[in-house]
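Hello,

I am passing a structure on to you, and I hope you enjoy looking through it. Please open it alongside this message; my notes follow below.

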Amino acid sequence: QKAAWAKLVNQPTLTADGHQVELAANIGTPDDLSSVLDNGAEGIGLYRTEFLYMGRDQLPTEEEQFEAYKTVLEKMKDKPVVVRTLDIGGDKELPYLDLPQELNPFLGFRAIRLCLHQQDLFRTQLRALLRASIYGNLKIMFPMIATLEEYRQAKAILEEEKHKLVEAGEQVAGNIEVGIMVEVPSTAVLADRFAQEVDFFSIGTNDLIQYTLAADRMNEQVSYLYQPFHPALLRLIHNVIQAAHQQGKWVGMCGEMAGDPLAIPILLGLGLDEFSMSATSILPARNQISQLSKSQVENMIEQVLNMNTTEEVVSYVKDKFKIS
Ligand code: PEP
Ligand code: MG
């Protein structure tokens, strides 16, 4: 098995009938890169920049961030690198920011909400990213977007910082794609409108599941409701992909679901373009996809989307693809 996977390291990801998708890796620090490259990732689908800010007692400087982003972009050469701007709050705390305790941190002051409020912090990160952009194939992604206004405001701030850098004689790449995480149900529902303004989507199922089923992803007592295969979630994913493709935009997924062997046939059938997962899942996923046919997985989608329960979806897929 391992030997068969090793042959796939430098191969493109193709279904048995020749449809191509991209398998990317999720990383937290530049230290993760050797494993990413050894496992044949075609890009970075999610660079969680929180780790640069955690385990220390003050904010990272623009220079420190610039070095980290530059390292990642250079090591990945021309492969795409999606960097997510700071997603702090929820389960990730930064003691030195001195944020008030909240009753519902997952519904509270986190990610883009905090960045749009503490703009100095956000602008520093954006400047570091823009300056690093000339070293590789950078794409910038905003987390936890719930409204179009949030996206427009974040994008406008990015454009402002870019303009200032260019005025000051700094070099900035000309073609940086800007996208959003789809992890709040309002955004998944309104995907057709977002698709007119963003360059890409990446579906964050870790959060999208918890918000769709109203089940805290950290609370064991309600973990039975944390259902990746719930038909409601699958319909949201379907809506996002359809909306994006209608506007000629691409869609990735960077939640845990993207690397789940049970989810892969469904996601492929729904038309997902990029799957981002932990590095060690990439070769098994590439192997699995090489044995699937796009037309076969497409043909089951209507039926799956019309199922009533998670149980129905799971047993259907397990049975059809002989997955235990
Ligand atoms: C997600 O929500 O699916 C995601 C990838 O982001 P995180 O797990 O960092 O919240
Ligand atoms: Mg998330």
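At what angle do α10 and helix α11 (residues 231-246) pack, and how far apart are their axes? Before the answer, a word on conventions: this is a predicted model, in which local features need pLDDT of at least 70 and side-chain atom pairs count only at pLDDT 80 or more, while totals for chains, interfaces and linings use all residues. Residues are numbered from 1 along each chain as its sequence is written, and chains are lettered from A and ligands numbered from 1 in the order in which they are written.

**Helix pairs**

The angle between α10 and α11 is about 125 degrees, and their axes are 10 Å apart. Helices (H or I, at least four residues) and strands (E, at least two) are DSSP runs, numbered from the N terminus. Axes are lines fitted to C-alpha atoms, for helices over the stretch in contact, and angles run from 0 to 180 degrees between N-to-C directions. The angle makes α10 oblique to α11 (under 35 degrees is roughly parallel, over 145 roughly antiparallel, 65 to 115 roughly perpendicular, and the rest oblique).

With helix α4 (residues 62-75), α6 packs at about 40 degrees, the axes being 8 Å apart, so α4 and α6 are oblique to each other. The contact includes Phe-66 and Tyr-69 on α4 and Ala-128 and Leu-129 on α6. Its classes are six nonpolar, three polar and four charged residues.

With helix α7 (residues 148-167), α6 makes an angle of about 55 degrees, with the axes 9 Å apart. This pair is therefore oblique as well, and α6 passes α7 in a right-handed crossing. Among the residues in contact are Phe-122 and Leu-126 of α6 and Ile-157 and Leu-158 of α7. Six nonpolar, one polar and five charged residues make up this contact.

**Around the ligand**

Which residues surround ligand 1? They are Leu-46, Arg-48, Asp-87, Glu-183, Gly-204, Thr-205, Asn-206, Asp-207, Cys-254 and Gly-255, a residue being near if its C-beta atom, placed from the backbone, lies within 6 Å. The largest share, three residues, comes from α10. Both β3 (44-48) and α10 (205-212) supply at least two residues of this shell. Its classes are two nonpolar, four polar and four charged.

**Two single residues**

Ser-295 sits in helix α14 (residues 294-299). Ser-295 is exposed because 12 other C-beta atoms lie within 10 Å (20 or more would be buried, 12 or fewer exposed, in between partly exposed, with C-beta atoms placed from the backbone). From Thr-15, Ser-295 is 280 residues away in sequence but 9.7 Å in space, C-alpha to C-alpha.

Met-307 lies in the loop between α15 (301-305) and α16 (310-321). With 17 other C-beta atoms within 10 Å, Met-307 is partly exposed. Leaving aside residues up to four places away in sequence, Met-307 touches Pro-231, Glu-312 and Val-313.

Best wishes

Notes:
Nonpolar A, V, L, I, M, F, W, Y, C, P; charged D, E, K, R; others polar. Contact = placed C-beta atoms within 7 Å. Left-handed = near helix turned anticlockwise from the far one by under 90°.
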